[in-house]
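Here's a quick tour of one protein model, written for someone just getting started. Keep the 3D view open while you read.

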Amino acid sequence: MDVKAAVAFEAGQPLQIETVQLDGPRAGEVLVEIKATGVCHTDAYTLSGKDPEGLFPAILGHEGAGIVVEVGPGVKSLQPGDHVIPLYVPECRECEYCLNPKTNLCQSIRTTQGQGFMPDGSSRFSYKGEVIRHYMGTSTFASHTVVPEISLAKIRQDAPFDKVCYIGCGVTTGIGAVINTAKVEPGSNVVVFGLGGIGLNVIQGAKMVGANMIIGVDINPGKQALAEKLGMTHFVNPQALDQDVVAHLVELTNGGADYSFECIGNVNVMRQALECCHKGWGVSVIIGVAAAGQEISTRPFQLVTGRVWKGTAFGGAKGRRDVPQIVDWYMDGKINIDDLITKVMPIEQINEALDIMHRGEGVRTVLTF
Ligand code: NAD
Ligand code: DAO
Ligand code: ZN
Ligand code: ZN
């Protein structure tokens, strides 16, 4: 079939809206009509050419929501008409990773997904006879996409696509990091570095689990008001301090954070996030994705004296299990997504949406089809 897509033909070039060809779903695959998609830093990073694993031409996008149009042979858990959120971390429920409660990193289709192909090693997308790669197993910058059954979370039918698409990455990453990765307990003191599309969701996750102090750290004072609305109790702008930010945070928390989260992708801030943690038990979780080749450092004595350094992908969420639950939390008013979707535009304006993100304006832009 012919479908509309924003195609990344080459690194560093604007996306092009084109009619591309999409083959129907094969065994274990599902054709999904995408209704809305968020734009995330990872799409921009791949498009920039700095992602060593980036492949072109490709259809990017990994934060979508839509409706099942057709299922391939053997698909049992979904049928046409179901509402779904594509998952860039699948959940096959059979591999040793899925069977281990300590991780969400299902490996069943890892190799082909990384190559931009479906699990059988081929692409469903083409343009004028040339193969176009899939991206992160999702390719949500297209009006229709084909996704493995194991990479789709079935969600309730009354959830608005232009809001819950954000659960496909940002919301789940932030809230999941609090609940699944850090397992923050009620009464904990939490420090969140970076109050953007991820950090704000860490804040609302920390509020939801009953954290005590929720300290937000950002160099942009314009982030304070929304963060406070979501549950931040204290704001720290490192550039407005007359002392070192780590010393300030240790003082403010009377010994250090129980949990800290780095939501920027800056290796120097990752160190600050670890070192502001409480001696003996503080846990720091890296969420931000640093540029290729960057390394983190600290004095090993920080770990010898009981601080723990961790990382998380997609908030440690097992997507088919956890994403429908987060959609319910949104629909029940337990989490706020509406205030975080700062612009909605048609897919034709996708390059403008990328520019908005580069300029650091708003929180999330959502594109509709
Ligand atoms: P964003 O640009 O919306 O937010 C980043 C925030 O950090 C901004 O508010 C900015 O002002 C602030 N900031 C920048 N430098 C700072 C500094 N030195 N000190 C304090 N604050 C600073 O980005 P986002 O969408 O929230 O994404 C954050 C990171 O999370 C990115 O690296 C992204 O790639 C990553 N990410 C990770 C996962 C995962 O699964 N681990 C998933 C999605 C995104
Ligand atoms: O299983 O080896 C693996 C990789 C899983 C992919 C996880 C991606 C994590 C974070 C990237 C940012 C997401 C938008
Ligand atoms: Zn993302
Ligand atoms: Zn698996």
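What follows is a short walk through the model, one topic at a time.

## What kind of model is this?

You're looking at a predicted model, where local features need pLDDT of at least 70, side-chain atom pairs count only at pLDDT 80 or more, and totals for chains, interfaces and linings use all residues. Residues are numbered from 1 along each chain as its sequence is written, and chains are lettered from A and ligands numbered from 1 in the order in which they are written.

The protein's mean pLDDT (the predictor's confidence in each residue, from 0 to 100) is 98, with 100% of the residues at 70 or more. For the complex, the predictor gives an ipTM of 0.98 and a pTM of 0.98.

Eight residues from domain 1 and eight residues from domain 2 make the contact, where contact means C-beta atoms, placed from the backbone, within 7 Å.

On the domain 1 side, the touching residues are three nonpolar, one polar and four charged. For these classes, Ala, Val, Leu, Ile, Met, Phe, Trp, Tyr, Cys and Pro count as nonpolar, Asp, Glu, Lys and Arg as charged, and the others, Gly among them, as polar.

## The ligands

Ligand 1 has 30 residues around it, and Gly194, Gly196, Gly197, Ile198 and Gly265 come nearest. (A residue is near a molecule or strand if its C-beta atom, placed from the backbone, lies within 6 Å of it.) That shell holds 15 nonpolar, 13 polar and two charged residues. Both domain 1 and domain 2 give residues to the shell, so ligand 1 lies between them.

Around ligand 2 you'll find residues including Cys40, His62, Arg110 and Cys169. By class, its shell has six nonpolar, three polar and one charged residues.

## A pair of helices

Helices (H or I, at least four residues) and strands (E, at least two) are DSSP runs, numbered from the N terminus. Take α4 (residues 170-182) and α10 (residues 319-331): their axes come within 11 Å and cross at roughly 100°. Axes are lines fitted to C-alpha atoms, for helices over the stretch in contact, and angles run from 0 to 180 degrees between N-to-C directions. α4 and α10 are therefore roughly perpendicular to each other, a label for angles of 65 to 115 degrees, with under 35 counting as roughly parallel, over 145 as roughly antiparallel and the rest as oblique.

Phe56 and Pro57 are joined by a cis peptide bond, with omega about -10°. Pro57 sits in the loop between α1 (41-48) and β4 (64-71).

How values were computed. Domains from an automatic or database assignment. Contact = placed C-beta atoms within 7 Å.
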